[in-house]
Amino acid sequence: MTRSKQRRIVLIDHRFQLRLAGLFILVQVVLTGIFAFGLYIFLESEVQAGLASARAMYHTVGQMLRPIVLVLSAFNLAISSICVLVFVTLLSHKIAGPLYRFKTVLDELAARRIPEHTKIRPGDQLHDMSVSFTHAVDNLEADLNTLKDAAEALRAAHGAKDIHAAEPAIATVERVMETWSRRKGR
């Protein structure tokens with residue numbers, strides 16, 4: 001029993017995946033910068049207020065910073081979670097939309113129906129695959145139409161009991177069938 005080779009490709013679409021990773025890093029850097037700026041502003045105002053007030057006494061710097069850091073951390077977590085959720089949802093539509101279209105087309109083909117619409121939006125990911133997919137469906141449809149025409153010619157030749165008239169239709173069927181092949185070992 002032979003073991004199948006596992007794929008070792010980490011980046012399938014380098015440009016898309018690296019751009020997506022870069023955008024996630026950029027979002028995190030921006031949110032961390034906002035958090036750091038907010039912490040600086042709060043610390044500056046709290047320390048100024050604490051030093052200016054004779055009644056305010058801080059036992060430790062930790063007691064002073066703990067509520068500020070906790071509030072800003074919770075705020076940062078909430079904002080970054082919402083931003084990432086929106087960001088991922090918008091970007092995943094560029095992948096999920098084409099995959100849904102491909103599934104719909106494959107379901108139609110499995111039901112032995114030629115789908116009318118196989119294309120995806122040009123800005124979506126997998127657009128190159130969509131072009132190949134549309135080309136394959138168009139070839140299948142053209143071959144089926146050729147076979148249908150050949151079947152009609154064969155039926156007419158059979159009805160007329162003309163064996164010689166059937167020869168071109170048989171050659172057409174053989175030619176179309178020869179263009180289709182299955183790779184060995186699959």
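Pro98 sits in helix H2, residues 61–110. Helices here are DSSP runs of H or I with at least four residues, strands are runs of E with at least two, and both are numbered from the N terminus. This is a predicted model, where local features need pLDDT of at least 70 and side-chain atom pairs count only at pLDDT 80 or more, while totals for chains, interfaces and linings use all residues. Residues are numbered from 1 along each chain as its sequence is written, and side-chain values use heavy atoms, with hydrogens and water left out.

Is Pro98 buried or exposed? Pro98 is buried, with a relative accessible area of 0%. The cut-offs are under 20% relative accessible area for buried, over 50% for exposed, and partly exposed in between, with a 1.4 Å probe and protein chains only. Setting aside neighbours within four places in sequence, Pro98 is in contact with His93, Ile120, Asp124, Gln125 and Leu126; contact means heavy atoms within 4.5 Å. Ser130 lies 32 residues from Pro98 in sequence, and the two C-alpha atoms are 7.8 Å apart.

Leu126, one of those Pro98 contacts, belongs to the loop between H2 and H3. Leu126 is partly exposed, at 28% relative accessible area. Its phi is positive, about 70 degrees, although Leu126 is not a glycine. For background, most residues other than glycine have a negative phi. Arg112 is in the loop between H2 and H3 as well, and has a positive phi near 60 degrees. Arg112 is exposed, with a relative accessible area of 79%.

Ile114 is another residue of the loop between H2 and H3. Ile114 counts as partly exposed, at 29% relative accessibility. Which residues does Ile114 contact, leaving aside neighbours within four places in sequence? They are Leu109, Val137, Leu140, Glu141 and Leu144. Between Ile114 and Glu141, 27 residues apart along the chain, the C-alpha separation is 6.8 Å.

On to H3, residues 127–159. Its 33 residues should span 48 Å at 1.5 Å a residue, and the end C-alpha atoms are 48 Å apart, which agrees. The expected span is 1.5 Å times one less than the number of residues. Buried in H3 are Ser130, Phe133, Thr134, Val137, Asp143, Ala150 and Ala157. An α-helix has 3.6 residues a turn, so residues three or four places apart point the same way. After H3 comes Lys161, with a positive phi near 55 degrees.

H4 covers residues 163–179. H4 has 17 residues and reaches 25 Å from first C-alpha to last, close to the 24 Å expected. Ala166, Ala169 and Val176 are buried in H4, and H3 is included in what covers the buried residues of H4.

How do H3 and H4 pack? The angle is about 155 degrees, with the axes 8 Å apart. Axes are lines fitted to C-alpha atoms, for helices over the stretch in contact, and angles run from 0 to 180 degrees between N-to-C directions. H3 and H4 are therefore roughly antiparallel; under 35 degrees counts as roughly parallel, over 145 as roughly antiparallel, 65 to 115 as roughly perpendicular, and the rest as oblique. The crossing is left-handed, that is, the near helix is turned anticlockwise from the far one by less than a right angle.

From H3, the contact includes Asp143, Leu147, Ala150, Leu154 and Ala157, and from H4 it includes Ala166, Ala169, Val173 and Val176. By class, this contact has 12 nonpolar, 3 polar and 2 charged residues. Ala, Val, Leu, Ile, Met, Phe, Trp, Tyr, Cys and Pro count as nonpolar, Asp, Glu, Lys and Arg as charged, and the others, Gly among them, as polar.

Last, the whole chain. It has 4 helices and 0 strands, in the pattern α-α-α-α along the sequence. Of its 186 residues, 16% are buried. Among contacts with a separation of 6 or more, 59% are between residues 24 or more positions apart.
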